Amino acid sequence: MDTMTNDQVIAGLDVGSSRVTTVLGRRTQDGVEILGMGECPTDGMRKGAVVNVDATVKSIRQSITEAERMTGLTVGSVFVGISGPLIKSFNSHAAISVKNEHEVTDADFSRVLEIARTVELPNDREILHVLTQEFIVDDMAGIKDPRGMTGIRLDARVHVVTNDVPGARNLARCVEKADFDVESFVLSPLASAEAVLTPEEREVGVALMDFGGGTVEMVIFHNGALRHTYVLPLGGGNITSDVAIGLKLPQSDAEILKVSSGCAMIQKVRRDELVELPGVGGRLPRPIRRQYLSEIIEPRAEEILTLLRKEILRSGYEENLGAGVVLTGGGSKLDGLTDLGERVFKLPFRRGNPIGIGGLVEVVNGPAFATGVGLVQYGAKASERIYRPSESEAGGGMIDRFKRYLSEYF
Ligand SMILES: Nc1ncnc2c1ncn2[C@@H]1O[C@H](COP(=O)(O)OP(=O)(O)OP(=O)(O)O)[C@@H](O)[C@H]1O
Ligand SMILES: [Mg+2]
């Protein structure tokens, strides 16, 4: 029978601008088995940053406790998603000459990557991830693992993601105050990508947009590797605010109306469709044209998508998105958003739900669970690396840890 211990449980904690979601799972032979989840609304976070410690601690505790109750398990440490407009990333590279009879050794491999990640950072920034893109041996590009190859010169190209130290420290403190340990921080959209993208999409090129309450997080993959990261400080909350102002409604009513009847594309709504506008201050509810609601939503959704498109143009990857755009996150559920996206980008759009999981899949079904599920999947890969170290990892210390980062996408 089942001999699962708490050590095998992987906990993903997504502390979002609107909700804190906990997903519990474990690694199986062919992926991840979902064991349960917990969620709790929060107003302790704004755009990826802690703005109210007590509220955040409370939501974290409640969300994890709910997941513990559902599964009967005890959570010790968690993989925590981290995001926000203060996330910055850049591509870096390094080159070395191959000494040992011109065959690339483990030592060369580690050395070139160590140099590629050695970049000067201001005191308030730290490295979150170093993701290998490719190696080049002499003139041969696109190599995923250069060890054992023959050449004179070895080049490494990596994508370095950095975050701000105070922001990460605040979030870590909240998790610790809730009595849990941070196993590792993971860039939230990288976790979402883990959950919703296929390897083929990453190969031919794809932009993943995680449409949250306060932000839209974007990561671009091409040739199987992460190429570009960006966090836009606008999200579904801005759409709700526009509805509240436009229709003179409280935020909570505007949110309900947006979720039940909102549409991001005016054209998609029939002229005769009516929706019920909640009555405020004792007034009776009254019907309004759904198109009128759309006239408020579409311009804001279009603005958000246009800003993301500009960022893609700036990244230089617009010609490398053969698989188009995948939209995920709670905000991606907005009716008509993929249609609007296709109009703005002239690229194929699809919605992304978590894939590649077993167990209680129905409790984490839906794009709002992408980050939580992805954190468990990420954690499962990390634990695989820890439990089954390769022979070449006998070096110790920093390099070992670094190699774990490196195998993230190979
Ligand atoms: N059915 C729906 N239609 C439209 N919008 C929706 C729907 N369901 C949820 N949303 C919106 O999704 C947003 C929340 O998404 P999500 O839970 O992914 O955010 P978050 O992770 O808490 O925030 P962030 O990622 O910005 O920190 C809210 O703005 C909410 O209004
Ligand atoms: Mg989110």
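**Ligand 1 and its pocket**

Ligand 1 sits in the largest pocket. The model is predicted.

Biologist: Which residues come nearest to ligand 1?

Modeller: The shell around ligand 1 holds 20 residues.

Biologist: Which backbone atom lies 2.8 Å from an oxygen atom of ligand 1, and in which residue?

Modeller: Look at the oxygen atoms of the ligand. Arg 19 places a polar side-chain atom 3.1 Å from one of them. Thr 215 has a backbone N or O atom 3.0 Å from an oxygen of ligand 1. The 2.8 Å distance belongs to a backbone N or O atom of Gly 330.

Biologist: How much of ligand 1 does the protein bury?

Modeller: Start with the ligand taken alone. It then exposes 650 Å². Of that area, the protein buries 88%.

Biologist: Which element gives the most to the shell around ligand 1?

Modeller: Two elements give two or more residues each: helix H6 (236-247) and helix H7 (251-261). The top contribution is three residues. That comes from H7.

Biologist: What is the volume of the largest pocket, and which residues are closest to its centre?

Modeller: The volume is about 1,200 Å³. The lining counts 47 residues. Closest to the centre are Ser 17, Ser 18, Gly 212, Gly 213 and Gly 214.

Biologist: Which element supplies the largest share of the pocket lining?

Modeller: Several elements supply at least two lining residues each, including strand S1 (9-15), strand S2 (19-28), strand S12 (206-211) and H6. The largest share is six residues. It comes from H7.

Biologist: How many lining residues of the largest pocket are polar?

Modeller: Ten lining residues are nonpolar and twelve are charged. The polar count is 25.

Terms used: Residues numbered from 1 in each chain as written. Chains lettered and ligands numbered in written order. Predicted model: local features only at pLDDT ≥ 70, side-chain atom pairs only at ≥ 80, totals over all residues. Heavy atoms only, no water. Near = heavy atom within 4 Å. Polar contact = N/O pair within 3.5 Å; in protein donor to acceptor, adjacent residues only side chain to side chain. Areas by Shrake-Rupley, 256 points an atom, 1.4 Å probe, with all protein chains shown as cover. 1 Å grid on protein atoms, 1.4 Å probe; cavity = no way out; pocket = protein on both sides within 12 Å on 5 of 7 lines; lining within 4 Å. Sits in = over half its atoms within 2 Å of the grid points. Helix = DSSP H or I, 4+ residues; strand = E, 2+ residues; numbered from the N terminus. Points joined across faces, edges and corners; volume = space filled by probe spheres on them. Nonpolar A, V, L, I, M, F, W, Y, C, P; charged D, E, K, R; others polar.
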